[in-house]
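Biologist: I'd like to learn how to read a model like this one. Can we go through it feature by feature?

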Amino acid sequence: TELPIVVDYWAEWCGPCKMMAPQFAAAAAQLPEVRFVKVDTEASPQASMRQRIRSIPTMVLFKGGAEVARRSGAMSAADIVAWVRSQAR
């Protein structure tokens, strides 16, 4: 896709990941021009290894198929939106 993509790497056992899930959904609702997807690191360990995910939650922003930014740790919806907008120009 030509749209920027934000990938949230998470796991069911991760407390901060669970806390951030509604924030991630709220940010997605505010940015319809960006595709938001989640990757369960337990269900997709190869995808996590390929992206060198070392801690969760980690969000990676891709543009044109290339990584342009990465953030680890739980964030509020407002912080996610601000981060994406600052990086996706």
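This is a predicted model: local features need pLDDT of at least 70, side-chain atom pairs count only at pLDDT 80 or more; totals for chains, interfaces and linings use all residues.

Biologist: Which residue does a disulfide join to Cys 17?

Modeller: A disulfide is called when a pair of cysteine sulfur atoms lies within 2.5 Å. Here Cys 17 is joined to Cys 14, with an S to S distance of 2.4 Å. Cys 14 counts as buried too, because its relative accessibility is 4%. The torsion about the S-S bond is about 75 degrees, so this disulfide is right-handed. A search of the whole structure finds 1 disulfide.

Biologist: Let's zoom out. How many helices and strands are there in the chain?

Modeller: Both are DSSP runs, numbered from the N terminus: helices are H or I with at least four residues, strands are E with at least two. The chain has 3 helices and 4 strands, and along the sequence they follow the pattern β-α-β-α-β-β-α.

Biologist: In what order do the strands form the sheet?

Modeller: Two strands pair if DSSP finds at least two bridges between them. The 4 strands form an open sheet in the order E2-E1-E3-E4, with mixed pairing. E2 and E4 (66-72) stand at the edges with a single partner strand each, so one side of each has no neighbour in the sheet. E3 (residues 58-63) and E4 run antiparallel and are joined by 6 bridges; Lys 63 stands opposite Ala 66 in E4.

Biologist: Which strands does helix H1 lie across?

Modeller: For angles, axes are lines fitted to C-alpha atoms, for helices over the stretch in contact, and the values run from 0 to 180 degrees between N-to-C directions. H1 (residues 15-30) lies across E1 (5-10), E2 and E3, at about 160 degrees to E2. Helix H3 (residues 77-87) also packs on the sheet, touching E1, E2, E3 and E4, and its direction makes about 30 degrees with that of E3. Touching, or contact, means heavy atoms within 4.5 Å.

Biologist: Which residues of H3 are buried?

Modeller: Ala 77, Ile 80, Val 81, Trp 83 and Val 84. Seen down the axis of H3, they fall within an arc of 165 degrees (taken from the directions from the helix axis to the C-beta atoms), so they line one face of the helix. In general, an α-helix has 3.6 residues a turn, so residues three or four places apart point the same way. The buried residues of H3 pack against E1, H1, E2, E3 and E4.

Biologist: And inside the sheet, what is Asp 8 in contact with?

Modeller: Asp 8 lies in strand E1 and is buried, because its relative accessible area is 1%. Leaving aside neighbours within four places in sequence, its contacts include Met 20, Phe 24, Val 37 and Met 59.

Definitions and conventions: Residues are numbered from 1 along each chain as its sequence is written. Side-chain values use heavy atoms; hydrogens and water are left out. Buried means under 20% relative accessible area, exposed over 50%, partly exposed in between (1.4 Å probe, protein chains only).
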